[in-house]
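Have the sequence and the 3D view open while you read. The notes that follow go through a few parts of the model, topic by topic.

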Amino acid sequence: MSLNIRLVVNGTRHRAKIEPALSLLDFLRDTLGYKGVKICCNTGECGACTILFDGKPVNSCVVLAADAAGAELVTVEGLAEGGRLHPVQQAFIDTGAVQCGYCTPGFIISVKALLDRTRNPTAEEIEEAVSGNICRCTGYTKIVDAIQIAARQLQGPTGLTSKARS
Amino acid sequence: MAKAEYSVLGTSIPRLGGVERVTGAGIFGVDLMLQDALSGGILRSQYAHAKIVSIDTSEAKSIPGVRAVVTAADAPDVRYGRTTIDRYMLAKNRVRYMGDPVAAVAADSPAIVKQALKKIKVVYEPLPVVLDPEEAMKPSAPALHDDMPLPKNLPADAKVKNVCSYTVVHMGDPDKAMAEADLVVDEVYETKMIHPQYLEPRMAAARLEQNGRLTVWANAQAPFAVRTDVAKLLALPLSRVRVLSTDIGGGFGGKASGITSGAAIEPICALLALAAKRTVMIVLDKAEETISTTIRSGAKLYIKTGVKKDGTIVARTGKVVYDAGAYSGFGAMAGARCTNMLGGWYLTPNVHIDGYVVYTNKQVCGPVRGPGGPQAAFAVESHMDSIAAKLGMDPAEFRLKNMPEAGDRIVGVPKLRDVSLGETIRIAKEKIGWGKVKLKKNQGIGIATGSWIESAGPGGGAMVKVNEDGSVTVHIGKIDMGTIPGFGIPLIVAEELGVPVSDVMVVNVDTDASPWDAGTVGSRGIIVSGTATRLAAIDARNQLFRLAANQLEASPDDLEIKDKQIRVKGTPSKSVPLATVATAAHTAIGEVIGRGYCDNKAMEAEEKAHGSSQPFTAHACIVEVDPDTGNVKILRYVAVHDIGFPIHPAAVEGQIEGAAAMSIGQALCEQVVFDKNGRTLNPSFVDYLMPTINMMPRIETTLVHGYPGSGPYGAKGAGEIGCVPVLAAIANAIYNAIGVRVTKLPLSPENVMRAIREQKKPAS
């Protein structure tokens with residue numbers, strides 16, 4: 001038995017015929033080719049596959065593709081606008097928060113979700129927002145720096161892309 | 001400081017490849033989309049030790065969509081190994097750990113692979129399982145490798161079994177010195193197996209080309225070692241195998257050591273591709289990785305030290321029992337390193353340490369980040385505090401009392417050139433507020449030090465090609481997993497060739513095109529490829545100057561290169577664009593290609609003549625222990641490191657902070673847990689606990705300047721040493737907080753509570 005679903009990924013409409021047991025992660029990576037959604041633990045523990053699902057961060061490995069019918073999704077591929085990086089993306093590069101870079105897409109999505117909610121997050125809110133994302137390279141120090149810099153960028157007078165360099 | 005001397009070295013320019021990583025470009029091994037590729041999967045042993053009576057693959061082969069099923073019978077009768085050649089790519093006649101590869105399948109989809117793996121019928125005859133290396137050493141233990149002789153250098157009176165490697169360290173007359181000591185402290189420490197848990201799963205892909213060659217993709221740290229091993233295990237000429245590296249999502253030594261680390265996933269994948277005559281790709285499941293790929297071994301460390309009343313160390317004896325796992329893997333090297341380091345890095349004139357690396361029915365030891373180092377340092381640096389407590393000395397003072405100086409010998413190092421140890425301790429004390437900070441009840445402060453090798457090892461080369469637009473393409477043999485190709489290498493080229501960092505490209509390893517290299521291992525990225533790249537860039541620059549000299553009517557020696565212009569020193573108006581000269585090369589020498597090589601013989605001679613300039617570090621922390629639950633919270637963490645000249649400071653800090661975090665994980669929670677049958681109880685990330693941001697302190701890193709290393713511009717390797725002092729720094733802070741010495745890792749609530757209870761026992 002297969003299902004027909006429609007959904008929007010990064011503003012693009014997709015229609016697909018899927019198996020009911022297919023995970024949203026496998027659907028995004030293997031069917032639609034969004035390889036920025038990273039595969040790792042497949043148990044919802046590491047956050048590498050984090051995407052925005054109707055604006056909320058979720059681990060796509062523990063969501064069924066079928067449940068995304070009608071949903072609007074954002075993956076890390078959908079953040080840069082017109083070749084200009086999102087301030088969170090830029091801050092991760094500038095601070096050295098990107099070492100191997102495998103956890104980075106998941107972190108960036110979690111941070112975007114946080115900064116969409118509040119542009120002046122407390123240390124506790126930052127910690128909470130990325131507590132489901134594991135990084136094995138950085139020890140988190142430079143990631144926290146990146147989040148704080150991105151938040152400051154977004155507080156800038158003209159919003160999203162004011163001081164972002166690409 | 002750096003900026004005055006150099007134009008870009010010493011700055012933290014954003015890494016090359018950063019944009020790809022933050023935008024989600026599919027650049028990692030698991031992201032590969034190869035045309036018409038089959039999925040591959042591996043059947044793993046369900047017994048930790050058993051005879052394979054029979055394997056029946058007929059039912060699996062008959063499933064529609066299955067394109068190949070292979071077992072040891074389909075592979076050449078060839079074994080592999082680093083020091084002891086003791087392992088088949090697919091287990092033959094016998095399995096030795098629960099995770100040993102037994103058979104493999106290639107099929108049209110992952111679902112069919114899974115289905116087929118279930119239909120392979122293996123009849124096992126279980127054999128006795130031995131998990132504890134000390135049990136495995138006993139003459140009564142079952143022999144795990146009947147045809148592997150004991151090491152030839154074992155002491156004649158050693159009655160041991162299953163030992164795959166033995167190391168002895170001996171200096172002076174330890175028995176006499178120990179007898180004459182005022183105080184002897186004798187302790188035993190124990191560390192557990194951890195998995196490096198890089199986030200990107202291991203993968204391999206293989207394609208048989210029309211010309212009969214085999215292309216292999218691997219997210220491995222040592223592509224050339226993979227080429228050697230794949231060719232050997234498939235009995236192919238080396239020239240028929242090409243290995244392509246992808247960008248790598250973390251490795252930490254877990255993806256090093258050739259095919260050993262991935263439990264031969266590359267040759268197994270290649271065997272499937274040859275059998276199916278189709279492209280095959282295998283991606284391991286994370287839980288499968290935890291049970292099958294290489295790990296940081298557990299070790300039991302016996303340590304005994306004799307000191308004088310004034311705190312002078314006079315003797316150290318000890319024994320290391322190092323768990324190799326089911327095969328020798330990287331055990332001999334890691335165990336030897338651990339044995340040497342149990343001698344410490346302080347002045348210790350009389351030493352005897354025996355190191356046994358022992359087979360057990362567990363997964364195999366790999367070169368995980370500072371192999372052998374954190375285990376030894378946990379014992380050495382906890383022990384230093386125990387001695388200081390018995391002497392009534394301040395732990396930092398006791399260390400300084402036994403500090404080596406330039407020219408001194410320490411265990412494993414005949415002569416030290418510079419010794420930054422004292423300065424790292426001094427700075428760590430200052431940063432943490434040693435003796436000054438007010439600690440609340442159940443809070444404690446701890447310090448521990450560490451060192452790491454800088455000795456010469458296998459080398460590698462570099463090629464620096466100057467393109468006709470003045471951009472530069474660099475070929476090295478080291479891969480990018482957040483290490484030098486994106487950070488240090490482009491800076492070195494930009495510095496030497498006067499081009500912007502953004503004009504430098506560093507190419508992924510292709511064994512057909514890249515210079516040979518031993519792999520991204522042993523903190524040797526900057527030393528090997530940094531040195532080679534610097535020399536290659538200088539070679540390219542000299543070629544450019546020779547080409548430009550005529551045109552500028554000057555001697556090549558009088559030229560310099562700045563902002564992509566080659567110009568006469570002192571007369572900047574006399575210049576020619578780099579691009580023009582690089583283009584002119586086409587009709588003169590073909591192309592400007594600089595070559596460089598890290599000359600290890602020269603490095604070795606230098607070290608022999610002037611001594612080792614190895615790095616030192618001191619870490620200090622403040623913890624709070626909940627005496628009712630045993631929970632440990634790190635309140636502050638200071639890491640002070642001498643790594644010579646930091647070519648890319650943010651990259652160096654990142655390495656240190658990541659290494660410290662990995663050891664904080666090992667200290668507080670990480671552990672691969674086995675049941676008595678050798679089954680891993682916590683293979684998935686649900687049960688294998690790793691540090692998340694919630695349990696991590698901010699790591700406050702300080703880089704110490706002024707102690708140049710043997711790398712380019714005085715750099716030292718930085719990838720591993722950050723792991724070394726952490727375990728003891730935390731254990732010492734716990735001791736300072738509640739007066740309890742925890743000698744077994746992890747310092748988990750359970751183990752801390754047990755230590756509290758045990759300490760209360762003899763008093764009552």
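This is a predicted model: local features need pLDDT of at least 70, side-chain atom pairs count only at pLDDT 80 or more; totals for chains, interfaces and linings use all residues.

Is the crossing of α11(B) and α19(B) left-handed or right-handed? The crossing of these two helices is right-handed.

**Helix pair in chain B**

- Helix α11 of chain B covers residues 373-391, and helix α19 of chain B covers residues 726-738.
- Their axes come within 7 Å and cross at roughly 30°.
- Angles under 35 degrees count as roughly parallel, and α11(B) and α19(B) are therefore roughly parallel to each other.
- On the side of α11(B), the contact is made by B:Pro374, B:Ala377, B:Phe378, B:Glu381, B:Ser382 and B:Asp385.
- On the side of α19(B), the contact is made by B:Val726, B:Leu727, B:Ala728, B:Ala731, B:Asn732 and B:Tyr735.
- By residue class, the contact of α11(B) with α19(B) divides into 8 nonpolar, 2 polar and 2 charged residues.

**Sheet in chain B**

- Chain B has an open sheet of 5 strands in the order β7-β15-β14-β13-β8, and its pairing is mixed.
- Strands β7 (163-171) and β8 (183-191) of chain B are at the edges, and each has a single partner strand, so one side of each has no neighbour in the sheet.
- From one strand to the next, the twist averages 5°.
- Strands of a sheet pair through backbone hydrogen bonds, in either a parallel or an antiparallel way.
- β7(B) and strand β15 of chain B (residues 350-359) run antiparallel and are joined by 8 bridges.
- Within β15(B), B:Gly355 is the residue that stands opposite B:Thr167.
- Helix α11(B) packs on this sheet, where it touches β8 and β13 (299-307) of chain B.
- The direction of α11(B) makes about 145° with that of β8(B).

**Domains of chain A**

- Chain A is divided into domain 1, residues 3-78, and domain 2, residues 87-154.
- The C-alpha centres of domain 1 of chain A and domain 2 of chain A are 21 Å apart.
- Domain 1 of chain A gives 13 residues to the contact, and domain 2 of chain A gives 11 residues.
- On the side of domain 1 of chain A that touches domain 2 of chain A, the elements giving two or more residues are β3 (50-53) and β4 (56-59) of chain A.
- β3(A) gives the most to that side, with 3 residues.
- The residues on that side of domain 1 of chain A divide into 8 nonpolar, 3 polar and 2 charged.

How values were computed: Residues are numbered from 1 along each chain as its sequence is written. Chains are lettered from A and ligands numbered from 1 in the order in which they are written. Domain bounds come from an automatic or database domain assignment. Two residues are in contact if their C-beta atoms, placed from the backbone, lie within 7 Å. Helices (H or I, at least four residues) and strands (E, at least two) are DSSP runs, numbered from the N terminus. Ala, Val, Leu, Ile, Met, Phe, Trp, Tyr, Cys and Pro count as nonpolar, Asp, Glu, Lys and Arg as charged, and the others, Gly among them, as polar. Axes are lines fitted to C-alpha atoms, for helices over the stretch in contact, and angles run from 0 to 180 degrees between N-to-C directions. Angles under 35 degrees count as roughly parallel, over 145 as roughly antiparallel, 65 to 115 as roughly perpendicular and the rest as oblique. A crossing is left-handed if the near helix is turned anticlockwise from the far one by less than a right angle, and right-handed if clockwise. Two strands pair if DSSP finds at least two bridges between them.
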